[in-house]
Amino acid sequence: MKERSLILVKHDGVVRGLIGKIISRFEDVGLKIIGMKMVWADEELARNHYILDEEWAKKVFEKTKSSYEKEGREFPYKDHMEFGRTIQQWNVDFLREGPVVVIAIEGPHAVEIARKIVGTTEPLQSPPGTIRGDFAMIESYKIADSKKRVLRNLVHASDSPENGLREIALWFKEEELHHYPKELDKHI
Ligand code: ADP
C-alpha cells in the first residue's frame, strides 16, 4: 500500500528562498521524508531524469495543445516527438542551471497526494492552496513558450508509483534512505 515519490525543489524554488515552505507542504499532510539532500545535476543525471519516451511526449504535447486551443491560439507543433524533444532539452538545461533539493517521500497514496499538493503543470491553472498556485501562478505556457524556455513551476513530483521508485533509485543510494517510525504509522 505504501508508495514512494521523488520530489525536487527545482532551482527556481531554491533561488526564491522557498525550500522550507515547499518541504513543509509534504510534511503537513503526514507524508514521511525518507531521504533529502542538495544536488547540482550533471548532464547524465538530468537526461536520465527527463527520459524522452513516446507516452510522455504525447502527454506534454496534448496538455500544451489544449491550453493553446483554450486561449484561441494556434499550436505550431504537429509532431509530438519533436515537441517532446524540445521540452526535454529545456528541462535538462533547467535542471542543470543550479542546485536542486531532492526529497524522497513515502506513505500511502504518496504519488497521488504529492501531485495534488504540487498542482497542475501550468501554474496559471493551478488552484490556490497548491504549491504552484500559491507561489508561481503568474507563470504560464504563454509566457514560457513565447520566451522559448521551460515552465518555471518550482517543483517536480513523480507521476506514477513506478516512476517514483525509478526516480528515487536514480537520485539516491540505498544507504541514503532512512526507515523510522512516525506517529501516523500506528494507524495505517
Ligand atoms: P509535471 O511537472 O506537472 O508532471 P510534465 O511531466 O508534463 O509536468 O512536464 C515536465 C516539465 O516540463 C513541467 O514541470 C514543465 O516545467 C515543463 N513543461 C511541460 N510542458 C511545457 C511547455 N509547453 N513549455 C515549457 N515547459 C513545459
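Read along the sequence, the chain runs β-α-α-β-α-α-α-β-α-α-α-β-α. That pattern holds nine helices and four strands. Before I go on, please keep in mind that this is a predicted model.

Let me start with the overall form. Along the principal axes, the C-alpha atoms fill a box of roughly 55 × 35 × 30 Å. Of the 188 residues, 48% count as buried. Now take the contacts with a separation of 6 or more: 76% of them are accounted for by residues 24 or more positions apart.

Next, the domains. The domain assignment gives domain 1, made of 1-40 + 99-176, and domain 2, which is 49-97. In the contact, 24 residues come from domain 1 and 17 residues from domain 2. The centres of the two domains, taken over C-alpha atoms, are separated by 19 Å.

The largest pocket has a volume of about 820 Å³. It is lined by 34 residues, and the closest to its centre are Y50, W56, K59, V60 and D159.

The largest share is from α4, with six residues. If we sort the lining of the largest pocket by class, we get 13 nonpolar, nine polar and twelve charged residues.

There is also a cavity to look at. A search of the whole structure finds one cavity of 30 Å³ or more. The volume of this largest cavity is about 30 Å³. Which residues line the largest cavity? They are K10, H11, Y50, N91, F94, L95 and V100.

Helix α5 gives the most to the lining of the cavity, with three residues. By class, the cavity lining has four nonpolar, two polar and one charged residues. Each of domain 1 and domain 2 supplies at least three residues to the lining of the cavity.

You will find I34 in strand β2, residues 32-39. Is I34 buried or exposed? Its relative accessible area is 1%, and buried means under 20%, so I34 is buried.

What does I34 touch, if we do not count residues up to four places away in sequence? The list is R4, A104, I105, E106, E176, L177 and H178. As for distance, I34 and I113 are 79 residues apart along the chain, and their C-alpha atoms are separated by 16 Å.

To go over the main points again: the assignment gives two stretches of chain to domain 1, 1-40 and 99-176, and 49-97 to domain 2.

Technical notes. Residues numbered from 1 in each chain as written. Predicted model: local features only at pLDDT ≥ 70, side-chain atom pairs only at ≥ 80, totals over all residues. Heavy atoms only, no water. 1 Å grid on protein atoms, 1.4 Å probe; cavity = no way out; pocket = protein on both sides within 12 Å on 5 of 7 lines; lining within 4 Å. Points joined across faces, edges and corners; volume = space filled by probe spheres on them. Helix = DSSP H or I, 4+ residues; strand = E, 2+ residues; numbered from the N terminus. Nonpolar A, V, L, I, M, F, W, Y, C, P; charged D, E, K, R; others polar. Buried < 20%, exposed > 50% of the residue type's maximum accessible area, 1.4 Å probe, protein only. Contact = heavy atoms within 4.5 Å. Domains from an automatic or database assignment.
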